[in-house]
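Please look through the sequence and the structure shown below before reading on. The report that follows takes up the strands and then a helix.

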Amino acid sequence: MDERLRPIERIRKQKDFTELYRRGRRLKSRYFHLVFQPNGLEYSRMAVVVSKKIGKATVRNRIKRRFKELFRRNKHLLRQPCDLIFIAQKEIPKLSWEELQAEYKSMISRLDL
RNA sequence: UGGAGCAGGCGAAGCGGUCGCUUCUUCUUUUGAUGAGAAAGAAGAAGAGGAAAGUCCGAACUCCAGAGGGCCUGAUGGUCGCUAACGGCGACCUCGGGUAACCGAGGGAAAGUGCCACAGAAAACAGACCGCCAGUUUUUUGACGAGACUGGUAAGGGUGAAAAGGUGAGGUAAGGGCUCACCGCUCCGGUGGUGACAUCGGAGGCAGGGCAAACCCCAUCAGGAGCAAGACCAAAUUAGCCCCGCUUAAGGGCGGCCCGUCCAAAGGGGUGGGUAGGUCGCUAAACCAGUCGAGUAAUCGGUUGGUUAGAUAAAUGACCGCUGCUGUCCCAGACAGUAACAGAAUUCGGCUUAUGUCCUGCUCCAGCCA
RNA sequence: GCGGGCGUAGUUCAGUGGUAGAACGUCUGCUUGCCAAGCAGAAGGCCGUGGGUUCAAGUCCCAUCGCCCGCU
């Protein structure tokens, strides 16, 4: 139903990041890590972290856009609102769009909330 | 037909649609004090590049009180132009490379200092190893020859990246610009050119190695830092302690030093505390496109039209349909692909680097045909 | 975004323009019943990459690639 990605659904503050990194739980795969925590709000929030080691600016931007697209399309998969940080790993530029979609869905299903 | 050289263009193929993001404008609702503003929603408009990249130069802009002089330091380097400026661009000059189209390089080594390993007799007020020639003398014996000494010489040999112009002729005891011709070089003068320089004539028998991307000299240019510059707002904290200083100061004034000048207890330094957020700067400018004129050109001037991203854990994405193009195959069709380099972060002018079975024009060379 | 620094042997580093070195490590031999230590010797380098200046470049100049650090 709601496939928008409003500004408040993005994590932007330094405080939120440090809090999540300290308290959040982690899931790891070959392509990206996922830090998550139920946030107690009425909506979920997300952020993408891609370091310079992954690639040049073009590559990093493409990864960020793909994660944003996946998040807004698949909000219904989350059983309760929570904060998510996606941390890209070195192997991720090798994935095609279809492969990343499958990877994303399997990771979300592994969340135990 | 093949191979080269130069110049330029385009660069998510085009059209339509669905979902979503950023900014602006207008409107609606909620909140708020009928304000400023904030939040949510709707409609419309706009939304990555030729290199946005590297950060290699040059500027605008901001702050450093002002941006003055000198020295150090750094940069540039044929000439004349263009430009806001430049290490950029244009035209020309000389030298070098290429069969050619064309390409590359560029002050000074008769101001001084320094360095030229190895080899070689000798490597920088030149000198003489092997040689060549003459004379004297010894040996032998009559000569040739051989040795020693004295003198002449730099043609030949060999070393090296480099060794007191080159080739030829005359001349000479042997040689040598010793003399002559041609080429090269230096100096003087004329002519042409704004100039680098070119060219013509005359004189001189000839000066003397290389390296300034070694120090350096000459000419020109440069104050420093950078939008994380800098300004403002609200909140919070400290408005304490120590040290220096009121005039012949110390200290500071953003690469260093000196002069000059300015600040100077509402100051400077240290300690302590803080380094969390918002707004502005922030997009209309040495702008872009067309056209006319000046100029060989870079470029300049006039005129008409256009408005073209402003994010901040940082917006341009995902998908569908049709058309076009390319490739493969079993060719009235089917399948696959539609790219490469790459993503604005204060803004411009350049340079450099990356990039495509892409496109256009001009030129050169070779082969074949007429 | 802006500013600065470094690339040399397997590793850590030296290196006036003139044959690339040291220490540790590796390998071989000696020594020992065996190992370590010790002694003797050897191998190992396109000096990050590509141009230029020079007779000659690890060194000087230009471009480029990679890595590291600082500034809100």
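## A hairpin and its strands

In this predicted model, strands β1 and β2 are linked by a hairpin of three residues. Strand β1 covers residues 25-28 and strand β2 covers residues 32-38, and the two run antiparallel, with four bridges joining them. Within this pairing, Leu-27 stands opposite Leu-34, a residue of β2.

Strand β2 also pairs with β4, and here seven bridges join the two strands, which again run antiparallel. One place to look for this pairing is Gln-37, whose bridge partner in β4 is Asp-83.

## The length of helix α2

Helix α2 takes in residues 57-73, and its 17 residues should span 24 Å if each residue is counted at 1.5 Å.

Which residues of α2 are buried? They are Ile-63, Phe-67, Leu-70 and Phe-71. Because these residues cover an arc of only 100° around the axis, they lie on the same side of α2. On the other side of the helix, by contrast, Ala-57, Thr-58, Asn-61 and Arg-65 are exposed.

What do the buried residues of α2 pack against? Their partners are the strands β3 (45-49) and β4 (82-88), together with the helix α3 (97-109).

Note on methods:
Residues are numbered from 1 along each chain as its sequence is written. Chains are lettered from A and ligands numbered from 1 in the order in which they are written. This is a predicted model: local features need pLDDT of at least 70, side-chain atom pairs count only at pLDDT 80 or more; totals for chains, interfaces and linings use all residues. The expected span of a helix is 1.5 Å times one less than its number of residues. A residue is buried if 20 or more other C-beta atoms lie within 10 Å of its own, exposed if 12 or fewer, and partly exposed in between; C-beta atoms are placed from the backbone. The arc is that of the directions from the helix axis to the C-beta atoms. Two residues are in contact if their C-beta atoms, placed from the backbone, lie within 7 Å. Two strands pair if DSSP finds at least two bridges between them.
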